[in-house]
Amino acid sequence: MTESSSPPLADLLHAAVTAVGGTERPGQTAMAEAVAEAIDDSSHLLVQAGTGTGKSLGYLVPALAHGERVVVATATLALQRQLVERDLPRTVEALHPILRRRPEFAMLKGRSNYLCLHRLHEGVPQEDSDEAGLFDPFEAAAPTSKLGKDLLRLRDWSDETETGDRDDLTPGVSDRAWAQVSVTSRECLGASKCAYGAECFAEASRERAKLADVVVTNHALLAIDAIEGAPVLPSHEVLIVDEAHELVSRVTGVASGELTPGQVNRAVRRAAKLVNEQAADALQTASEGFERLMELALPGRLEKIPEDLGYVLMALRDAARTVISALGATRDASVKDEDAVRKQALGAVETIHQVAERIVEGSEYDVVWYERHDRFGASLRVAPLSVSGLLREKLFEDRSVVLTSATLKLGGDFNGVAASLGLAPESPQDPEGGEDTAPRWQGLDVGSPFDYSKQGILYVAKHLAQPGRDGSRADMLDELTELVEAAGGRTLGLFSSMRAAQAAAEELRGRIDMPILLQGEETLGELIRAFAADAKTCLFGTLSLWQGVDVPGPSCQLVVMDRVPFPRPDDPLMSARQKAVEEAGGNGFMAVAATHAALLMAQGAGRLVRASGDRGIVAVLDPRVERARYGSFLRKSMPDFWYTTDRNQVRRSLAAIDTAAKAQEA
């Protein structure tokens with residue numbers, strides 16, 4: 001569609017907003033215009049759009065109007081569902097008469113999110129004779145057990161579902177049950193070799209995506225598509241990354257590798273019956289050496305690979321390579337469903353080979369460390385020191401990219417987030433008009449429809465002692481108790497560690513007569529529902545609560561942060577990234593630790609005001625936000641609340657808010 005024949009963007013936006021029952025907002029209009037301009041110019045855009053802006057329509061409408069295929073990548077299932085089940089159907093219907101075409105849309109996820117009919121009907125490939133009962137989990141699992149009930153329900157659901165998408169199954173099933181009926185991309189036989197290829201749900205989702213104008217996916221699949229070189233997303237001219245503050249973390253996860261003794265042992269068992277004895281014994285011997293070494297592993301970064309670990313990893317790498325060659329050269333007709341068994345074994349051994357080889361090669365751009373978990377034991381991990389170069393090369397070269405979130409502007413500008421994405425400081429165009437190789441981008445803050453300075457207060461308890469490493473903070477618990485009592489409950493407590501959240505919940509349950517819910521004692525969804533249903537209830541927890549709670553109204557009128565959520569000092573990856581910045585002449589603390597904390601605090605503070613009628617206080621019980629030099633950076637990263645350190649003023653305000661809320665409830 002040419003520019004001259006395109007309907008006015010304002011008309012399209014008005015029709016879409018009306019269709020979803022929303023209200024047009026200046027920030028949404030500004031965002032839509034900027035997105036349209038970036039798409040037309042083939043440039044890139046970072047948009048900070050506060051809660052209530054209507055940012056989904058702010059990018060969907062100009063993308064649909066442009067007429068090129070667009071991929072929308074989000075971090076959470078909730079937003080994917082909102083887009084596919086609410087925003088896109090209504091928007092397409094509203095724009096159809098104006099655009100004179102009906103854009104198609106589809107959801108695309110990783111293969112393991114879809115029911116595998118081969119697994120369902122043929123069973124899980126046998127690993128060894130001692131586990132023969134697992135070959136047909138439907139027969140092995142007791143019908144009255146939780147696993148048995150889940151598996152029987154999955155079998156019934158397979159006859160009804162059109163998508164095979166795990167998220168369409170309500171209520172859901174356990175991870176253990178789902179693992180019996182799903183495969184990873186490495187384990188998949190491929191449509192041409194699979195007896196159920198013509199009916200495959202994952203393949204059908206890919207075919208729908210190829211025909212769609214808008215493909216909704218997740219950050220992880222976007223990262224796989226960009227990093228691994230084997231395209232899983234259809235070709236597209238426009239990429240929109242929503243919840244973009246999560247992108248670096250998700251890409252880092254996809255680009256990381258891990259080896260554990262259990263993982264290696266499973267690979268040995270899967271391969272043993274499919275290769276010659278010599279190849280199997282070599283992998284078994286290497287596996288035993290690795291397991292012995294991991295029993296002695298101490299948590300921490302390995303700046304240089306120890307000699308004994310290097311020998312073990314080379315043995316693993318070489319033995320895995322031999323097994324991979326053998327798996328490709330032999331077939332055993334006596335093994336039931338031999339192709340599936342072989343594919344599963346090959347995927348497991350290839351992972352061992354790739355991670356071992358990567359660590360042995362010792363790239364200066366990788367960080368290697370040991371981790372030890374109380375339940376799962378030791379693991380050896382490797383992750384990229386930075387993903388900025390990867391993102392710059394793979395994400396921004398061949399398409400226009402729009403990145404949006406409520407928290408992209410940290411410390412007053414976009415440059416910190418942009419640098420983590422591989423973008424140069426804002427406005428990188430060459431003023432002399434010469435050729436510029438840096439991706440062109442601009443940042444835009446469209447604000448929020450909420451009047452933060454009148455709806456909320458940011459209170460920093462500067463009179464408290466600075467948090468120490470021992471974790472005991474009697475004065476903080478006293479302050480927290482007084483604030484919760486003044487608020488009449490209604491408190492979301494955001495803690496920097498699970499230990500701190502547990503200690504605070506235990507202490508306050510003994511001090512005040514109000515329900516204190518604690519993350520981990522029930523599913524997150526149930527906790528949030530209970531918190532929203534009773535204004536006297538408080539909810540305490542850690543990381544997922546900083547970003548995952550949306551409770552408008554009187555149930556959440558006090559958000560408390562116990563301390564600045566800096567990364568742990570012993571976090572190997574974050575410490576390595578901070579050191580790398582310092583060695584390059586930068587401020588490692590501000591670029592890594594402070595930026596990490598600012599992002600979480602911005603997200604956490606955003607839990608307070610979710611609707612135009614919301615009122616309340618964000619209380620930070622860490623005096624460093626007022627006293628330390630980096631305090632102003634953290635404050636600038638949060639919504640523009642009215643700021644105070646006056647504890648008496650805050651208690652009066654909380655009491656007034658509580659009184660008003662009770663009157664409204666009555």
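Which residues does Asp242 touch, not counting residues up to four places away in sequence? The views below come from a predicted model, and the first one takes up this residue.

View 1. Asp242 sits in strand β5, which covers residues 238–242. The residues it touches, leaving aside those up to four places away in sequence, are Lys55, Ser56, Tyr59, Ala73, Thr74, Ala75, Leu79, His219 and Thr404. With one of them, Lys55, there is a polar contact between side chains at 2.6 Å. Asp242 has a relative accessible area of 0%, so it is buried.

View 2. Glu243 belongs to the loop between β5 and α11 (247–254). Its phi is positive, near 55 degrees, and the residue is not a glycine. Glu243 counts as buried because its relative accessibility is 14%, under the 20% cut-off.

**View 3. Ser42, in the loop between α2 and β1.** This loop joins α2 (26–41) to β1 (44–48), and Ser42 lies in it. Ser42 is not a glycine, yet its phi is positive at about 55 degrees. Is Ser42 buried or exposed? Ser42 is exposed, with a relative accessible area of 55%.

**View 4. The parallel sheet of seven strands.** The sheet is open, and its strand order is β3-β4-β2-β5-β10-β1-β11. The pairing is parallel. Which strands stand at the edges? They are β3 (105–107) and β11 (441–445). Each has a single partner strand, so one side of each lacks a neighbour in the sheet. On average, neighbouring strands here are turned by 15 degrees against each other, direction ignored.

**View 5. β2 beside β4, with helix α4 across the strands.** Strand β2 (residues 70–74) and strand β4 (residues 214–218) run parallel and are joined by five bridges. Val72 stands opposite Val216 of β4. Helix α4 (residues 77–99) lies across β2, β3, β4 and β5. The helix runs at about 170 degrees to β4.

**View 6. The antiparallel sheet of four strands.** This open sheet has the order β6-β9-β8-β7, and its pairing is antiparallel. At the edges stand β6 (257–259) and β7 (300–301). Each edge strand has a single partner, so one of its sides is left without a neighbour in the sheet. How many bridges pair β6 with β9? Three bridges pair β6 with β9 (residues 377–384), in the antiparallel sense. Across this pair, Gly257 stands opposite Val382 in β9.

**View 7. Helices α12 and α13.** The axes of α12 (residues 261–272) and α13 (residues 277–295) come within 9 Å. They cross at roughly 170 degrees. The two helices are therefore roughly antiparallel to each other. From α12, the contact involves Pro261, Val264, Asn265, Val268 and Ala272. From α13, they meet Ala280, Leu283, Gln284, Ser287, Phe290, Glu291 and Met294. By class, this contact has eight nonpolar, three polar and one charged residues.

View 8. Thr170 and Pro171 are joined by a cis peptide bond, with omega about -10 degrees. Pro171 lies in the loop between α7 (146–158) and α8 (175–179).

How values were computed: Residues are numbered from 1 along each chain as its sequence is written. This is a predicted model: local features need pLDDT of at least 70, side-chain atom pairs count only at pLDDT 80 or more; totals for chains, interfaces and linings use all residues. Side-chain values use heavy atoms; hydrogens and water are left out. Two strands pair if DSSP finds at least two bridges between them. Buried means under 20% relative accessible area, exposed over 50%, partly exposed in between (1.4 Å probe, protein chains only). A polar contact is a pair of N or O atoms within 3.5 Å; within protein, one must be able to donate a hydrogen and the other to accept it, and residues adjacent in sequence count only if both atoms are side-chain atoms. Contact means heavy atoms within 4.5 Å. Axes are lines fitted to C-alpha atoms, for helices over the stretch in contact, and angles run from 0 to 180 degrees between N-to-C directions. Angles under 35 degrees count as roughly parallel, over 145 as roughly antiparallel, 65 to 115 as roughly perpendicular and the rest as oblique. Ala, Val, Leu, Ile, Met, Phe, Trp, Tyr, Cys and Pro count as nonpolar, Asp, Glu, Lys and Arg as charged, and the others, Gly among them, as polar.
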